[in-house]
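This briefing walks through the structure shown below, topic by topic, for a reader who will want the cut-offs stated alongside the values.

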Amino acid sequence: MLSNMLLGRYIPGNSFIHQMDPRAKIISVLFFMVIVFFANHWLGYLLLILFMLSVIKIAQINIFFLFNGLKLLFFILIFTFLLHIFFTRGGTTLFEWGFIQIDSEGVITGIYITIRLVMLLIITTILTLTTSPIELTDAIENLGAPLKKIKVPMHELAMMISISLRFIPTLMDETEKIIKAQSARGSTFMTGKLKSRVNALIPIFIPLFISAFKRAEEMAVAMEVRGYKGEEGRTSYRELKWGLKDTSAIVIIILFGVMLFLVRM
Amino acid sequence: MIEINNLTYQYQVDAAKVLDNVSLSFKSGDWVSIIGHNGSGKSTLVKIMMGILEDYEGEILINGNKLTKENIANYREKFAIVFQNPDNQFVGATVEDDVAFGLENQGVAREEMVEKTEAALTAVNMLSYRRHAPARLSGGQKQRVAIAGALAMAPDVLILDEATSMLDPEGRKDILNILEDIHRERQTTLIYITHDLSEIEKSDYAVIMKDGEVLNRGSIEHIFSDTDTLIKSRLVLPYQMQISRALLKGEYVTHGELVEKL
């Protein structure tokens with residue numbers, strides 16, 4: 001189950017999006033996050049969905065694989081949808097029972113907000129699926145360079161993010177191993193009352209934390225003996241190259257934003 | 001030339017000494033094996049040499065200069081170490097990124113870095129995997145990448161701290177062959193830490209440790225000829241030595257008896 005999770009995973013490829021400069025990808029994602037809020041009726045949301053489907057196609061990612069990987073986050077979407085259904089008032093009342101009231105405005109807003117969240121989840125997942133952690137780190141550090149002037153430790157932050165992302169699959173694999181080991185000794189995690197299920201998680205988290213701390217310590221020693229002492233005097237193996245395709249991608253996103261703004265009602 | 005004089009170390013004040021008055025010297029260009037069972041102090045010794053552990057008694061001299069907190073950073077550029085578990089050493093997302101990590105820290109120019117990275121990956125036969133994610137490699141391949149990461153820094157001394165203990169026999173043989181090539185072609189000093197006596201045959205010099213003390217040292221012939229010390233160090237004798245000892249004793253006249261006893 002955990003191995004299907006896509007958060008923090010990178011899938012190597014040669015698509016247009018894979019080849020883009022990571023800085024252009026981050027800027028595009030930031031623009032898209034703003035643009036999503038321009039949509040305020042069905043036509044805008046339809047355009048958003050079509051745009052997203054095109055991006056998935058261009059990134060050469062299997063849509064079923066993408067949704068399967070996001071399954072674990074569906075509960076957030078359902079929770080958001082239900083929150084709007086029960087608490088947003090307006091329009092005609094569709095259902096009423098005791099203190100529970102569902103209005104048409106609540107259903108419509110629920111659907112729209114859920115679409116926005118799905119768009120945000122998909123675009124950020126595409127960013128990590130098509131960009132290696134080290135490229136992401138380089139881009140974050142590069143884009144955040146002006147912040148160094150006000151003593152924000154951008155290099156250290158970028159390195160921390162990079163190592164965290166690198167360890168996500170390792171810790172996922174480790175969690176699965178611990179679950180299997182504990183299951184083999186009779187622990188059950190999926191059955192029983194909520195309290196017993198929560199208690200059953202303790203034998204998973206304790207060995208996982210111990211192992212993570214041990215790994216962190218060994219990693220720190222390995223970095224130190226390889227001469228890591230922060231940003232000072234450091235050069236970079238990777239080169240960031242901004243090309244025509246990167247400018248084009250940003251122009252397309254801006255034009256799409258303008259279009260969404262124009263169809264607002 | 002590395003000289004270790006009267007080195008004593010304990011992890012806590014009231015704890016037992018992990019190293020007790022250890023004195024050793026290694027010649028440049030030698031392949032030195034340090035052998036001992038778990039807890040014999042061999043890993044602690046190299047951790048002190050790398051400046052990972054401090055507050056020890058005694059001294060370490062490198063080419064006549066005493067190792068101190070102030071100059072350890074300079075020596076780290078000349079020393080490289082490969083640990084037991086390669087998974088906890090990888091910083092880079094791809095093989096080449098990881099191999100280049102040490103060079104980035106040294107501030108090497110990009111063009112030179114590319115050359116050195118390629119040369120190091122070629123030396124361990126991993127150039128074709130340069131764009132692979134380290135996590136997706138086999139145990140032996142991971143360890144070869146870790147060795148390439150150390151080699152890229154062109155160290156004078158390469159330390160391998162039980163670097164083959166997680167590998168299968170084929171993987172171990174592969175790593176030992178690669179080390180032999182590196183030792184021959186680059187004249188790098190190798191300090192090879194192990195608890196497996198069958199891995200020290202290619203060394204020029206070996207040190208047997210037990211409970212923080214040096215039990216024996218010398219050429220491989222000398223180490224293997226002193227079987228009593230090997231037994232005292234609680235190391236498992238290589239299979240051929242066990243047979244030889246049994247035959248010398250002459251107690252087992254039939255094949256069945258010999259096999260049963262062994």
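How many salt bridges does the rule find across the interface of chain B and chain A? The rule finds five, where a salt bridge is a side-chain nitrogen of Lys or Arg within 4 Å of a carboxyl oxygen of Asp or Glu. The model is predicted, so that local features need pLDDT of at least 70 and side-chain atom pairs count only at pLDDT 80 or more, whereas totals for chains, interfaces and linings use all residues. Residues are numbered from 1 along each chain as its sequence is written, chains are lettered from A and ligands numbered from 1 in the order in which they are written, and side-chain values use heavy atoms, with hydrogens and water left out.

**Interface of chain B and chain A**

- The contact, meaning heavy atoms within 4.5 Å, takes 34 residues from chain B and 26 residues from chain A.
- About 2,700 Å² is buried between chain B and chain A, with carbon and sulfur atoms giving 51% of that area; buried area is the accessible area (1.4 Å probe) that two parts lose on being put together, summed over both.
- Of the area that chain B buries against chain A, 24% is supplied by B:N88, B:E104 and B:N105, which is more than any other three residues supply.
- One salt bridge joins A:R238 to B:D97, with the closest N and O atoms 3.0 Å apart.
- Between chain B and chain A there are 13 residue pairs in polar contact, both residues being at pLDDT 80 or more; a polar contact is a pair of N or O atoms within 3.5 Å, and within protein one must be able to donate a hydrogen and the other to accept it, while residues adjacent in sequence count only if both atoms are side-chain atoms.
- On the side of chain B that touches chain A, α3 (95-106) and α4 (110-123) each supply at least two residues, and the largest share, eleven residues, comes from α3(B).
- The residues of this side of chain B divide into 15 nonpolar, ten polar and nine charged, where Ala, Val, Leu, Ile, Met, Phe, Trp, Tyr, Cys and Pro count as nonpolar, Asp, Glu, Lys and Arg as charged, and the others, Gly among them, as polar.

**Domains of chain B**

- Chain B is divided into domain 1 (2-78 + 158-171 + 183-236) and domain 2 (89-154), with bounds that come from an automatic or database domain assignment.
- The centres of the two domains, taken over C-alpha atoms, are separated by 25 Å, and their contact takes six residues from domain 1 of chain B and eleven residues from domain 2 of chain B.
- The area buried between the two domains of chain B is about 680 Å², of which carbon and sulfur atoms give 63%, and B:E77, B:L158 and B:R186 supply 59% of the area that domain 1 buries against domain 2.
- Between these domains the count is zero salt bridges and one residue pair in polar contact.

**Chain A and its annotated spans**

- Chain A has ten helices and two strands, assigned as DSSP runs (helices H or I, at least four residues; strands E, at least two) and numbered from the N terminus.
- The C-alpha trace of chain A spans about 70 × 60 × 40 Å along its principal axes.
- In an unreviewed entry, UniProt lists several spans of chain A as "transmembrane region", including residues 107-129 and 198-216; such annotations may be inferred rather than shown by experiment.
- Residues 107-129 of chain A are 100% helix, with end C-alpha atoms 32 Å apart, and residues 198-216 of chain A are also 100% helix, with end C-alpha atoms 26 Å apart.
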